[in-house]
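Subject: Structure for your files

Dear colleague,

Here is the structure I said I would pass on. My notes on it follow below.

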Amino acid sequence: MFTLSDEKYITAFSAENEPVLRVPDGATVAVATQDCYMNNLRAANDPRGEAKGPAIGCNPATGPIFVEGAMPGDTLACDILSIAVGEYASMRISNRSGFMRGRVTEPIVRCVPLKDGFAELAGVKMPLDPMIGVIGVAPETGEVSTEAPGAHGGNMDSRLIRAGSTLYLPVCHEGALLALGDVHAKMGDGEMCVCGLECPAVVMLRVRVIHGRQERWPVLRGEDGSFSVLASGEDLDEAARFAADAMLDFLVRRSQIDVNELILLMSLVCHLEVCQVVDPLITARVRLEGGALPELAF
Ligand code: CA
Ligand code: CA
């Protein structure tokens with residue numbers, strides 16, 4: 001097994017980034033990740049003590065990891081084996097960011113202990129459901145901030161990117177250059193206030209190269225056998241349109257069923273859902289129920 005410390009991180013996905021780890025196809029890697037504020041956000045009387053630096057909300061993503069054998073036109077499958085969260089999570093709201101900013105009357109910074117699989121906020125105790133906010137590969141051209149989502153993955157903030165799922169990312173450059181971070185111990189669909197339970201973590205994942213196969217957008221297989229296409233756009237309408245079109249393309253390539261019949265079926269067994277509405281682009285997913293279509297595989 002390979003390990004990667006959270007000191008090696010990027011703040012933009014790019015083919016220009018130097019890999020910090022090289023692994024063979026099929027390798028398992030334990031990746032330590034900082035929280036989105038570089039582990040430096042502190043509330044009043046914070047039990048974590050002094051911060052080591054400014055609380056910049058830059059979504060540091062640990063990596064990039066060079067996966068041997070991954071070439072443009074391939075897909076990188078990332079099996080998320082486990083997500084171990086730290087002891088504390090942070091949240092921050094203000095009237096300057098987030099879907100609910102117009103309703104915020106007072107800025108808040110909160111430190112939330114994560115204990116025995118639960119968190120408590122405002123007297124409400126809730127089970128944790130860890131997920132990865134940022135995970136992606138080098139984009140086809142240029143660089144993309146780790147604050148943005150896209151066809152390369154990135155800041156998609158889908159709560160379904162959790163242990164037991166497999167994320168399929170389109171490889172655009174040799175080695176793929178995988179990086180990840182911005183783990184949330186819990187988050188609701190939409191991430192409406194602008195953050196989840198932001199926490200450091202150790203993510204265990206296995207990387208596999210699927211040669212000569214690629215989708216336009218990241219695809220996620222859930223533990224329940226569901227398949228989701230994760231697409232991002234300027235607004236929710238555009239993101240939804242991209243995700244629906246990509247799901248139909250995904251099905252057409254894998255099914256003998258006529259395209260019009262597939263459109264009928266999509267309306268019955270596919271669900272249009274919101275990942276997040278707060279990053280520079282909006283991310284939607286269309287999720288095909290597990291087992292709805294027989295023998296469907298990536
Ligand atoms: Ca995020
Ligand atoms: Ca986040």
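**The largest cavity**

Helix H1 (residues 236–252) contributes the most to the lining of the largest cavity, namely three residues. Please keep in mind that the model is predicted. Searching the whole structure turns up one cavity of 30 Å³ or more, and the space in the largest cavity comes to about 40 Å³. Its lining consists of Glu215, Arg216, Trp217, Val219, Val229, Ala246, Asp249, Phe250 and Arg253. By class, five of the lining residues are nonpolar and four are charged, with no polar ones.

**Aspartate 46**

Aspartate 46 sits in the loop that runs between strand E5 (28–33) and strand E6 (61–67). Is aspartate 46 buried or exposed? Its relative accessibility is 12%, and because the cut-off for buried is under 20%, aspartate 46 counts as buried. Apart from neighbours within four places in sequence, the residues in contact with aspartate 46 are Leu41 and Cys111.

**The E21–E22 hairpin**

Strand E21 (residues 270–276) and strand E22 (residues 282–288) run antiparallel and are joined by six bridges. The hairpin connecting E21 to E22 passes through five residues. Which residue in E22 is the bridge partner of glutamate 273? That partner is arginine 285.

Regards

Note on methods: Residues are numbered from 1 along each chain as its sequence is written. Chains are lettered from A and ligands numbered from 1 in the order in which they are written. This is a predicted model: local features need pLDDT of at least 70, side-chain atom pairs count only at pLDDT 80 or more; totals for chains, interfaces and linings use all residues. Side-chain values use heavy atoms; hydrogens and water are left out. Two strands pair if DSSP finds at least two bridges between them. Helices (H or I, at least four residues) and strands (E, at least two) are DSSP runs, numbered from the N terminus. Buried means under 20% relative accessible area, exposed over 50%, partly exposed in between (1.4 Å probe, protein chains only). Contact means heavy atoms within 4.5 Å. On a 1 Å grid over the protein atoms alone, a cavity is a set of points where a 1.4 Å probe fits but cannot get out, and a pocket is an open set with protein on both sides within 12 Å along at least five of seven lines; lining residues have an atom within 4 Å of a point. Grid points are joined across faces, edges and corners, and a volume is the space filled by probe spheres set on the points. Ala, Val, Leu, Ile, Met, Phe, Trp, Tyr, Cys and Pro count as nonpolar, Asp, Glu, Lys and Arg as charged, and the others, Gly among them, as polar.
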